[in-house]
Amino acid sequence: MPNHTMHAHTDFLLVTLSYLIAATSAYIAIELAGRVKTATDRSKHLWLIAGGSILGFGIWSMHFVAMLGHGTLKDANYSFPLVFLSVIIAMAGCILGFYLVARQMSRESFVLGGFLMGSAIAGMHYVGIAALQGMTLQYHTGYVLLSILIAIAASWTALWIGFFSRYAKQQMLMQTKVFFALIMGIMISGMHHVGMHGLEFQMIPSFTSDQVIEPAMLLTLVSIVTLFLFIVFFAYVSFDRQLRKRDFIQTTILESTEDGVVTANTDGTTREFTVL
């Protein structure tokens with residue numbers, strides 16, 4: 001197979017992978033938004049941080065995987081401090097957007113939360129672009145503004161789906177979550193590709209820098225951490241569902257019996273005594 005054909009296939013696979021990461025991150029955000037709405041005060045902040053962090057990290061991961069799939073950038077090096085700063089911006093913006101809406105379900109919090117969240121996502125994108133080393137960068141103002149608007153629109157869409165839509169006010173079916181996640185993936189990926197379309201760059205010959213990370217290492221790092229986060233999330237959600245099912249069955253039994261109920265530990269000591 002000719003080299004240019006092999007590179008084209010690799011680039012396509014990376015772009016496809018970036019979309020799947022964006023859609024999976026959106027699905028996780030929708031799932032966690034539902035848990036924030038029903039959580040107790042103690043656990044609500046944990047779900048907020050988890051939801052915002054995973055969504056922000058997922059969008060950041062999508063951005064860099066897609067950049068590595070950009071044929072002309074596959075050999076570019078990246079500034080490690082700016083790469084690190086970009087992920088912090090994405091995660092902080094998503095956590096803030098979730099927090100503002102969960103704290104007060106109002107039109108004002110929805111507008112402000114989506115605006116700040118979208119601005120942070122766009123900020124992550126352009127800080128990530130600035131992390132490119134050894135090249136001069138020129139931006140097309142129209143595409144930059146359009147990418148920012150898409151990021152804000154995607155954030156408003158995510159918050160509406162998770163907190164304000166009629167689907168958020170009831171138990172959302174998995175098919176509905178997947179559908180919305182696929183739509184969100186298109187919007188998130190669209191923001192990235194619109195921004196990249198408005199970028200022009202020129203390589204600087206003989207450029208050297210100490211604080212850089214190579215593309216192969218970056219791809220490996222992003223892939224491992226993203227996969228780890230997704231596995232931990234889905235494992236924890238599965239465990240949490242089992243706990244909720246157990247509590248529901250236990251509550252149903254307690255409410256249906258007319259006698260006292262004693263629950264004990266494995267060593268025989270009384271854990272709970274309920275008189276009905």
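# Cavities, helices and contacts in a predicted model

Me: Which residues line the largest cavity?
Reply: This is a predicted model, in which local features need pLDDT of at least 70, side-chain atom pairs count only at pLDDT 80 or more, and totals for chains, interfaces and linings use all residues. Residues are numbered from 1 along each chain as its sequence is written, and side-chain values use heavy atoms, with hydrogens and water left out. On a 1 Å grid over the protein atoms alone, a cavity is a set of points where a 1.4 Å probe fits but cannot get out, and lining residues have an atom within 4 Å of a point. For the largest cavity, the lining residues are Ala26, Ala29, Ile30, Ala33, Leu55, Phe98, Ala158, Leu159, Gly162, Phe163 and Met184.

Me: Which elements give two or more residues to the lining of the largest cavity?
Reply: Elements are DSSP runs numbered from the N terminus: helices (H or I) have at least four residues and strands (E) at least two. Those that give two or more residues to the lining of the largest cavity are α1 (3-38) and α5 (141-164).

Me: How many nonpolar residues are in the lining of the largest cavity?
Reply: Ala, Val, Leu, Ile, Met, Phe, Trp, Tyr, Cys and Pro count as nonpolar, Asp, Glu, Lys and Arg as charged, and the others, Gly among them, as polar. The lining of the largest cavity has no charged residues and one polar residue. The number of nonpolar residues in this lining is ten.

Me: What volume does the largest cavity have?
Reply: A volume is the space filled by probe spheres set on the grid points, which are joined across faces, edges and corners. The rule finds two cavities of 30 Å³ or more. The volume of the largest cavity is about 70 Å³.

Me: Which element gives the most to the lining of the second largest cavity?
Reply: The second largest cavity holds about 40 Å³ of space. Two or more residues of its lining come from each of α2 (41-68), α4 (107-130), α5 and α6 (174-197). The element that gives the most, with three residues, is α5.

Me: Which residues line the second largest cavity?
Reply: By class, eight residues of this lining are nonpolar, one is polar and none is charged. The lining residues of the second largest cavity are Leu55, Ile59, Met117, Ile121, Ala154, Ser155, Ala158, Met184 and Ile188.

Me: At roughly what angle do the axes of α3 and α4 cross?
Reply: Axes are lines fitted to C-alpha atoms, for helices over the stretch in contact, and angles run from 0 to 180 degrees between N-to-C directions. The axes of α3 (residues 80-103) and α4 come within 8 Å, and they cross at roughly 175 degrees.

Me: Is α3 roughly parallel or roughly antiparallel to α4?
Reply: Angles under 35 degrees count as roughly parallel, over 145 as roughly antiparallel, 65 to 115 as roughly perpendicular and the rest as oblique. The axes cross at roughly 175 degrees, and therefore the relation of α3 to α4 is roughly antiparallel.

Me: Is Ser18 buried or exposed?
Reply: Buried means under 20% relative accessible area, exposed over 50%, and partly exposed in between (1.4 Å probe, protein chains only). Ser18 lies in helix α1. Its relative accessible area is 1%, so Ser18 is buried.

Me: Which residues does Ser18 touch, not counting residues up to four places away in sequence?
Reply: A contact means heavy atoms within 4.5 Å. With residues up to four places away in sequence not counted, Ser18 touches Met62, Val65 and Ala66.

Me: With which residues is Ile152 in contact, leaving aside its neighbours within four places in sequence?
Reply: Ile152 is in helix α5, and at 8% relative accessibility it counts as buried. Leaving aside its neighbours within four places in sequence, Ile152 is in contact with Gly114, Phe115, Gly118 and Ser119.

Me: What distance separates the C-alpha atoms of Leu132 and Ser79?
Reply: Leu132 lies in strand β2 (residues 132-133) and is buried, with a relative accessible area of 4%. Leu132 and Ser79 are 53 residues apart along the chain, and their C-alpha atoms are separated by 6.5 Å.

Me: What is the relative accessible area of Ile183?
Reply: Ile183 lies in helix α6. Ile183 is partly exposed, and its relative accessible area is 34%.

Conventions: On a 1 Å grid over the protein atoms alone, a cavity is a set of points where a 1.4 Å probe fits but cannot get out, and a pocket is an open set with protein on both sides within 12 Å along at least five of seven lines; lining residues have an atom within 4 Å of a point.
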